[in-house]
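User: I would like to go through this model and ask what stands behind each label. Please set the values against the criteria.

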Amino acid sequence: MKLRFRLSRMMHPVALTVFPSFCRLCGRALGEPGEKVICGCCLERVEVHRGPVCPVCGRFYQQAAAAGHSCGQCLEQSPPFSWHRSLGPYAGRLKEIILLFKYKDCEILSRPLASIAYRHFAAQGLFDGLDLIVPVPLHRKREKQRGFNQAELLGRALSDLSGVPMLAGVLIKARNTPAQVSLEAAERERNLRGAFEVRKPGKVAGRITLLVDDVFTTGSTLRECAGELLRAGAREVRALTMARAV
Ligand SMILES: [Zn+2]
Ligand SMILES: [Zn+2]
């Protein structure tokens, strides 16, 4: 499958209409209108969590009896965001799509990901009364290396779907921090402290803001960003990520 894909990328556009490209997950030929990188079947089968969650941080619960109750962590210390939701666990097809989207030149996947998230969470009221969408920023060096900020692409797609304006550049990552992946939860908090800054507080003051990122791991990035937005005067900060790793 990999060889076929490489061949299709090298081909002239005219040849591509004769020799279609293939779904990067299941290998099926892409032919339906709007299909890019991944086929419609694989997208439909993305594992969305439909069970109960912590009403604040969105932690996935396995038991129906837990529905409506805040989780232990939120009871101990409520996060600065009012509520956060993730589409599903960072596993299976959802994880594969996010990895493709971030690392393999498949930025266009921000569109179907955002579309699934918008359909699911607009119905729950996450976009009600919203004034602004703010992507979790990357440090400018990191963004240059990657060529794009994945959270900003998701934010832009969500903005197009919802009609809520996105403001990139209002929240910035002023300090480049070591990759979070290698750190324990407590170290993550320390690593990020003071790393984010609001450059134009007037743009967020009094506004209901939705922070957008690709993956929720320990939540330390969202907590830090939401805290900064509140200090800058935001009325409320909500948060949305595509997948949750815990
Ligand atoms: Zn497929
Ligand atoms: Zn919680």
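Analyst: The model is predicted. Of the 246 residues of the protein, 35% count as buried. The protein has 11 helices and six strands. Among contacts with a separation of 6 or more, 68% are between residues 24 or more positions apart.

User: Why is I97 called buried?

Analyst: The cut-off is 20 or more other C-beta atoms within 10 Å. I97 has 24 other C-beta atoms within 10 Å, so I97 is buried. I97 lies in helix 5. Leaving out residues up to four places away in sequence, I97 touches I38, V46, L109 and L113. V37 is 60 residues from I97 in sequence, and their C-alpha atoms are 9.6 Å apart.

User: What makes the length of helix 6 agree with its number of residues?

Analyst: The expected span is 1.5 Å times one less than the number of residues. Helix 6 has 13 residues and should therefore span 18 Å; its end C-alpha atoms are 17 Å apart, which agrees.

User: Which residues of helix 6 are buried, and what covers them?

Analyst: The buried residues of helix 6 are S110, P112, L113, A114, A117 and F121. Their cover includes helix 3 (40–44), strand 1 (84–89), helix 5, helix 8 and strand 6.

User: How do you know that strand 5 pairs with strand 2 and with strand 6?

Analyst: Two strands pair if there are at least two bridges between them. Four bridges join strand 2 (residues 132–135) to strand 5, and eight join strand 5 to strand 6 (residues 236–244). Both counts meet the cut-off, so both are pairs. Strand 2 and strand 5 run parallel, as do strand 5 and strand 6. On the strand 6 side, the bridge partner of D213 is T241. Between strand 5 and strand 6 the chain passes through helix 11 (residues 220–231), and this β-α-β crossover is right-handed.

User: What makes strand 5 mostly covered?

Analyst: Strand 5 (residues 208–216) has nine residues, and seven of them are buried.

User: Why are strand 1 and strand 2 called edge strands?

Analyst: The open sheet has four strands in the order 1-6-5-2, with parallel pairing. Strand 1 and strand 2 each pair on one side only, which makes them the edge strands. From one strand to the next, the twist averages 20°.

User: Which helices lie against the sheet?

Analyst: Helix 5 packs on the sheet and touches strand 1, strand 5 and strand 6; its direction makes about 105° with that of strand 6. Helix 11 lies across strand 1, strand 2, strand 5 and strand 6, running at about 165° to strand 5.

User: What makes the largest nonpolar core a core, and which residues have the most contacts inside it?

Analyst: A nonpolar core is a set of buried residues of listed nonpolar types, joined through C-beta atoms within 7 Å. The largest such set has 51 residues, and L154, L211, V212 and L229 have the most contacts inside it. Elements that each supply at least two residues of this core include helix 8 (150–162), strand 4 (196–198), strand 5 and helix 11. Apart from neighbours within four places in sequence, L229 is in contact with V134, L171, V198, V204, T209, A234 and V237. In soluble globular proteins, nonpolar side chains tend to be buried together.

Note on methods: Residues are numbered from 1 along each chain as its sequence is written. Chains are lettered from A and ligands numbered from 1 in the order in which they are written. This is a predicted model: local features need pLDDT of at least 70, side-chain atom pairs count only at pLDDT 80 or more; totals for chains, interfaces and linings use all residues. A residue is buried if 20 or more other C-beta atoms lie within 10 Å of its own, exposed if 12 or fewer, and partly exposed in between; C-beta atoms are placed from the backbone. A crossover is right-handed if, with the strands pointing away from the viewer, the path from the first strand over the helix to the second runs clockwise. Two residues are in contact if their C-beta atoms, placed from the backbone, lie within 7 Å. Axes are lines fitted to C-alpha atoms, for helices over the stretch in contact, and angles run from 0 to 180 degrees between N-to-C directions.
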